[in-house]
Every structure is written in structure tokens, then in C-alpha cells.
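Biologist: Please show the model, and then let us discuss it in questions and answers.

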Amino acid sequence: MDRTAFETALARDGYTETVERTLPPDEATPDHTHPFDARLLILSGNLTYGTGDTRQTYQAGESFEVTRGTLHAEIAGPEGASYLAGRRR
């Protein structure tokens, strides 16, 4: 998916806030939750999303969703990861 299509889908689906983030190579966020639904589009590199014992790695052009309140962590790949995140409260 490209950025324009992703942003169009965010607006259609009620995501009113967007943020762009970059994680350095191999950086991991600790387990955390959000008070909002999130939808992410990987812009470059790759990002592994983990919840419980489940891990899924997403490449540039792929997207995924995180439901509010879900305990999760992210791990950037060896080249880091940049992503665009939509938030829906």
C-alpha cells in the first residue's frame, strides 16, 4: 500500500490523528498499551510487532492495526524502521 492510499483509508475509517516515527536499528520499545486504536504503515525498513508470545514482522508497504488497550511491543529491524501511524480515539 502506498502512503496516499493509506492516508485516504485512515480518513475514511475515522482516524483523525497521524504521526510519523522512526526507530533506530534494532531498537525495541517496552511492552505498553495505547488509549487509542492505531493503524501503522511501514515506510522503510521493517518492524516486528509482538503481543504475548506472537510476533509478526512487517516490511515497507505493509500495514497492520493495534486495538486500544492491547499490550504490545515493537522491534525495529537491523536497518531501523520508519512508519506512519493513524490514531482513532
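Biologist: How far apart do the centres of the positive and negative side chains lie in the chain?

Modeller: This is a predicted model, in which local features need pLDDT of at least 70, side-chain atom pairs count only at pLDDT 80 or more, and totals for chains, interfaces and linings use all residues. Residues are numbered from 1 along each chain as its sequence is written, and side-chain values use heavy atoms, without hydrogens and water. Lys and Arg count as positive and Asp and Glu as negative, leaving out His and the chain ends, with each charge placed at NZ of Lys, CZ of Arg, CG of Asp or CD of Glu. The chain has 9 positive and 14 negative side chains, and the distance between the centres of the two sets is 8 Å.

Biologist: Which residues form the covered face of strand S4?

Modeller: Strands (E, at least two residues) are DSSP runs, numbered from the N terminus. S4 spans residues 63–66, and its uncovered face holds Ser63 and Glu65. The covered face consists of Phe64 and Val66.

Biologist: Which residue stands opposite Glu65 of S4?

Modeller: Strands pair if DSSP finds at least two bridges between them. Strand S2 (residues 37–51) runs antiparallel to S4, joined by four bridges. The residue opposite Glu65 is Arg39.

Biologist: What radius of gyration does the chain have?

Modeller: The radius is taken over C-alpha atoms, and the globule rule is 2.2 Å times the number of residues to the power 0.38. For 89 residues, a compact globule would have a value near 12 Å, so the chain agrees with the rule at 12 Å.

Conventions. Buried < 20%, exposed > 50% of the residue type's maximum accessible area, 1.4 Å probe, protein only.
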